[in-house]
Amino acid sequence: MLALLPESVITKFRENAVAVLDEIKHPWVRGWIDYGKAMGETRAILMVLQQRLIPVPEEARDRILACTDETTLETWIARSLTVHNTDELFD
């Protein structure tokens, strides 16, 4: 398909692709990407607990939403599938 395009268009496409990849590697952008990922994981934890009808006290909700550590969030996601209360989530 690229063979049908003029070389100038292909060159510009490649330049733009490299620029986007460079931006993603920038610490400021990476920080926002990591933050967005953490927020998605916190929402997943809260959704699982809600679907399982496990009450989430405000203090527990605040703790979950404040967490940005990927390893901790992954642990909590796994635990959210089997815990009986939020205290077990944090143990």
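**Notes on an all-helix predicted model**

1. With a relative accessibility of 74%, L53 counts as exposed (exposed is over 50% relative accessible area, buried under 20%, partly exposed in between, with a 1.4 Å probe and protein chains only). L53 sits in the loop between α2 (27–51) and α3 (58–66). Worth a look on the backbone: just after α2, L53 takes a positive phi of about 60°, and this is a residue other than glycine.

2. A word on the ground rules. This is a predicted model, where local features need pLDDT of at least 70 and side-chain atom pairs count only at pLDDT 80 or more, while totals for chains, interfaces and linings use all residues. Residues are numbered from 1 along each chain as its sequence is written, and side-chain values use heavy atoms, with hydrogens and water left out.

3. Helices and strands here are DSSP runs numbered from the N terminus (helices H or I, at least four residues; strands E, at least two). Of the 91 residues, 22% count as buried.

4. On to α2. This helix has 25 residues and reaches 36 Å from its first C-alpha to its last, close to the 36 Å expected at 1.5 Å a residue (the expected span being 1.5 Å times one less than the number of residues). Its buried residues are V29, A38, E41, T42, I45, L46 and L49. As a reminder, an α-helix has 3.6 residues a turn, so residues three or four places apart point the same way. Note that E41 and T42 are on that buried list.

5. What do W28, W32 and Y35 form on the surface? They make up a nonpolar patch with about 420 Å² of accessible area together. Patches take residues with over 30% relative accessible area and no salt bridge, joining like charges within 9 Å and nonpolar side chains (Val, Leu, Ile, Met, Phe, Trp, Tyr) within 5 Å; areas are Shrake-Rupley with a 1.4 Å probe, and for residues only the protein chains shown count as cover. W32 is found in α2 and is exposed, at 53% relative accessible area.

6. A search of the whole structure turns up 1 salt bridge (a side-chain nitrogen of Lys or Arg within 4 Å of a carboxyl oxygen of Asp or Glu). E70 pairs with K37, the closest N and O atoms being 3.0 Å apart. Since E70 lies in α4 and K37 in α2, the pair ties together parts that are 33 residues apart in sequence. The C-alpha atoms of K37 and E70 are separated by 8.6 Å. E70 is partly exposed at 40% relative accessibility, and K37 is partly exposed at 43%.

7. The whole structure also holds 1 aromatic pair (Phe, Tyr and Trp rings, the last by its six-membered ring, with centres within 6.5 Å; planes under 30 degrees apart are stacked, over 60 edge-to-face, the rest tilted). The W76 and F90 rings have centres 5.0 Å apart and planes at 75°, so the pair is edge-to-face. The two partners are 14 residues apart, W76 in α4 (residues 70–80) and F90 in α5 (residues 86–90). Both W76 and F90 are buried.

8. F90 has another contact to check: the charged end of R63 sits over its ring, 4.1 Å from the centre. The criterion is NZ of Lys or CZ of Arg within 6 Å of the ring centre and within 35 degrees of the ring normal.
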